[in-house]
Amino acid sequence: MAGFTPILCIVDFHHARGPEVERWLGVDEGTDPAVENDWGLLPFMALSDGAHASTEDYSYFTLRRSASGSHPATSLFGISCTRQLDANELIDRPAEVTRSTVQKAVVVISDSPQYFGAIKAQLGVVTAAWFAQKDFTDIEIMQRFQESLVALLKNQEGEMDHYFGISLRELIHEFKWQTLVLFKCALLQPKMLFFGSHCERLCMMQFALVSLIPGLIRHLQDSADPKFNSFEEKLVMPTSLKTSERSSLLTYMGLPLQLFGKGALFGPYTPLQQLDVLADQDTKSYIVGSTNSLLLQQRDRYSDILINLDEHTLNITSTSLRHALVLSTPDRRWIDFLTQTVIDTWDESNPGRPKDHGYAGSEEFIRMQFEEYLLAMLSAVKYKQYQEKNKNKDSIILDHEGDPAGEFSNDYIHAWMETENYRTWNKFTDSHLFDIVDPKHPCSGGLSIEDVQRRLAQQVAEMHLDERLERSREAIGKQLAVGQKKVSSAFNNIWAEMESMREAQRRRAEEQRIARESEPSSPIGERHGGGAGGRWKPPAPDLSHAQANIQAVSTRAGAYLSSWGAWANEKKKGWGATRSPSGTPTISTAPTLAEPSPGDLKRAEEFKRDKDGLAYSAPLNSARTAPPDVEASATKRESLFFDAEKEEREKEKARSKEAEIVG
């Protein structure tokens, strides 16, 4: 409120008593604002859960200022900067410091969060400088900072609205089409619970969402207590409009929509000690944040929708809220266009500014798009009411066909018309707002093939197929590399074993050669030329067995020839004795030498040829023993020779007997 001087306090974490206010700066001596306004939870709001896990962290919260004779009850806003220091580094370490680290928070309390962006920049620098002194008893720097806050806020009053919080570009880039779901959800005033492990980001996300409603950041005087309703109590219906002035147009259209009026609460950071306020029957709606995971276990009790910033998910637990927040086709077309604009101008090095430094995709561009969307929705609702009121009048000429409000989703419009902020807006606005702003969705129209293609493309993009395929390709590549390595290793091992076997064979051959060279010379195997350098001659083969076989064959052949000669002599005698026809024997004239028959001569020639072949056809040094076929052949010939001789003897005996009988 006007006239409130920003105050400063230091919160310390005591090892035995926990968080507590250590001192106040900027207040009258002897006064304690925490006691006067019942700020018993201030230390827990300033030192958030998990703040010890980071070197520096910020927390944002709301405080209820009690009424007094000079001012009514209202809301105040606090921002704290938490840091910690190793206790061993303190110049003057108090005896009460028993822990290894000292944790403190410097808190600035103001009547509006509008200028928290400028305050935060200086608060972080001052807190870091104070900790760098390593002497917390020296608070001169804190006193000077508190005194400069009045001038700082005064210099900011004449400038445009100061928006702080997370960049809207980052908000859309992270949540994409769900950003519109969050925006429309806030207008329905449900119980919205934000959860995140990083307190500063948790609070900034909520302030960014609230800042999308034009003018609301400057009208949060009722946000600290569900019983406050000063905004509606002082609100009057505007009677004039200057279309050339944006502020006049927004006021005439009923903005800002008051989300934090009677029964509502705003707590960017809400400690567990404040859960009783959330569960109170007078608290109908709120937007709060928590860094304690215990609330996740009781989300059905404390939330209609849970926004988990660590997992980037929205969990709507209320069935009616889930049906109301289904986006229409024009809604999806509108937010897809805005999301694509941000993606096309995204710059990783500077997310808060388009990479081409143009207007499209900038923070101001995004705010203007949401402002246009909200004004069109308000105008369409007024036009819907006008249609229903005059539906039975034939003389009424309607400028728009159908129901323009249906393009924003009929379920959503019906749900919004049951909220407190709608009741207040409808009560203090003109019934013909559609004459000022065209009651038409910014992206009106039915479903087209472009919508289907864009929706499919976004669904495919949300599946992150490229990332999954990339991971699959990497896994397959690794498996192929491992398999190739194994196969290559196996071949290398086989080749190495083959090489080792060859080498072993070469070594054995070399050893055998050396062993043969080292043996003493013999008559069979001596070197030509004598001496060590002579040429080595292989030893002669053993021919004793072959010679014995040849001698045996020669003996048998001689016996056969002898028997054959005897037979020939006997035959010659028989041929000499012949008889005359009268019966007396006659002696025929015979040659001097008996001649054998042609068959006998032929057999003799074959035997001689075979004998010569055995003796001279093969070199004697080429065979150590007679081949088996030669021995078998010789045996066969021997049997033939003796059979023939036996036959001839029998024939000779037969002829002798015949001659005796005849004689």
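Analyst: Leu8 has Leu25 of strand 2 as its bridge partner. This is a predicted model. The two strands involved are strand 1, residues 7-14, and strand 2, residues 18-25. They pair in the antiparallel sense, over 7 bridges. Together, strand 1 and strand 2 make a hairpin, with 3 residues between them. In a regular strand, side chains alternate between the two faces of the sheet.

Now the setting. The chain holds 22 helices and 12 strands. It has 663 residues, and 39% of them count as buried. Take the contacts between residues at least 6 apart in sequence: 70% of these join residues at least 24 apart.

The loop between strand 9 and strand 10 contains His312. Its backbone stands out: phi of His312 is near 60 degrees, a positive value in a residue other than glycine. His312 has a relative accessible area of 44%, so it is partly exposed.

Pro256 sits in the loop between helix 9 (246-252) and strand 7. The peptide bond from Leu255 to Pro256 is cis. Its omega is near 5 degrees.

Next, the helices. Helix 3 covers residues 116-132 and helix 4 covers residues 140-156. Their axes come within 11 Å and cross at roughly 170 degrees. That angle makes helix 3 roughly antiparallel to helix 4, because the cut-off for that label is over 145 degrees. The crossing of helix 3 and helix 4 is right-handed. On the helix 3 side, the contact is made by Ala118, Ile119, Gln122, Leu123, Val126, Thr127, Ala129 and Trp130. Helix 4 supplies Ile141, Met142, Phe145, Ser148, Leu152, Leu153 and Gln156. By class, the contact of helix 3 with helix 4 has 11 nonpolar and 4 polar residues. No charged residues take part in it.

Helix 5 and helix 15 give another packing. Helix 5 spans residues 168-175, and helix 15 spans residues 363-389. Their axes are 9 Å apart, and the packing angle is about 70 degrees. Helix 5 and helix 15 are therefore roughly perpendicular to each other. Leu168, Arg169 and Ile172 of helix 5 meet Glu363, Ile366, Arg367 and Phe370 of helix 15. By class, this contact has 4 nonpolar, 3 charged and no polar residues.

Lys176 lies in the loop between helix 5 and helix 6 (178-187). Phi of Lys176 is near 50 degrees, again positive in a residue other than glycine.

Methods. Residues numbered from 1 in each chain as written. Predicted model: local features only at pLDDT ≥ 70, side-chain atom pairs only at ≥ 80, totals over all residues. Heavy atoms only, no water. Axes fitted to C-alpha atoms, helices over the stretch in contact; angles between N-to-C directions. Helix = DSSP H or I, 4+ residues; strand = E, 2+ residues; numbered from the N terminus. Parallel < 35°, antiparallel > 145°, perpendicular 65-115°, else oblique. Left-handed = near helix turned anticlockwise from the far one by under 90°. Contact = heavy atoms within 4.5 Å. Nonpolar A, V, L, I, M, F, W, Y, C, P; charged D, E, K, R; others polar. Pairing = 2+ DSSP bridges. Buried < 20%, exposed > 50% of the residue type's maximum accessible area, 1.4 Å probe, protein only.
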